[in-house]
Structures are given as structure tokens and as C-alpha cells.
Amino acid sequence: MSGQPIDAGLTCPDCDSDFVLYEAEPGIYGVTILHDETCPTYRAREARINRLRAQIAEQEAHA
Ligand SMILES: [Zn+2]
């Protein structure tokens with residue numbers, strides 16, 4: 001092990017993403033991946049999240 005960059009799967013294969021490490025609570029760390037705005041992976045993820053939000057809103061409306 002000498003000078004190899006750590007590849008923890010934290011970058012996006014579809015864009016020139018960067019990531020930030022943050023400390024949510026003392027000793028609890030999280031990572032946010034910063035995608036390019038045009039990244040297809042980012043766009044697909046946003047679309048999926050929006051669909052899930054719409055489904056949840058729909059279910060709550062009928063609850
Ligand atoms: Zn990306």
C-alpha cells in the first residue's frame with residue numbers, strides 16, 4: 001500500500017463529480033456527492049426521488 005488513491009465509490013462515473021465529507025454529529029460522518037447539473041445519473045436520481053415523493057403524497061391524500 002503506497003500512495004494509491006482511495007476509491008470508495010464516492011465519485012460518479014457519469015460526470016466530473018466531487019464529494020464533500022461532513023460531520024453530521026460528533027463521530028457520525030456523511031458524504032454528499034456533488035454532480036454536474038447535466039449528469040444523467042443525477043437527473044435519473046432526481047426523477048426517481050420526485051416520483052417517490054409524488055407517490056407518497058398520493059398515498060397520504062387517500063389515507
Ligand atoms: Zn454524476
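Author: The expected span of a helix is 1.5 Å times one less than its number of residues, where helices (H or I, at least four residues) and strands (E, at least two) are DSSP runs, numbered from the N terminus. The model is predicted, so local features need pLDDT of at least 70 and side-chain atom pairs count only at pLDDT 80 or more, while totals for chains, interfaces and linings use all residues. Residues are numbered from 1 along each chain as its sequence is written.

A residue counts as buried if 20 or more other C-beta atoms lie within 10 Å of its own, as exposed if 12 or fewer do, and as partly exposed in between, with C-beta atoms placed from the backbone. The number of buried residues among the 22 of H1 is 0, so the helix lies largely in the open.

The rest of the protein gives this helix its setting. The secondary structure comes to 1 helix and 2 strands, and from the N terminus on the elements run β-β-α. Strand E1 (18-25) is hardly covered, with a count of 0 buried residues among its 8, and strand E2 (residues 28-34) is likewise hardly covered, with a count of 0 among its 7. Buried residues make up 2% of the 63 residues in the protein.

The two strands run antiparallel and are joined by 7 bridges; strands pair if DSSP finds at least two bridges between them. Phe19 has Ile33 in E2 as its bridge partner, and Glu25 has Ile28. The hairpin of E1 and E2 has 2 residues between the strands, and in it Gly27 takes a positive phi near 85 degrees.

Cys12 sits in the segment before E1 and is partly exposed, with 19 other C-beta atoms within 10 Å. Two residues are in contact if their C-beta atoms, placed from the backbone, lie within 7 Å. Not counting residues up to four places away in sequence, Cys12 touches Ser17, Ile33, His35, Cys39 and Thr41. Cys12 and His35 are 23 residues apart in sequence, yet 7.2 Å apart in space, C-alpha to C-alpha. Across the protein, among contacts between residues at least 6 apart in sequence, 19% join residues at least 24 apart.
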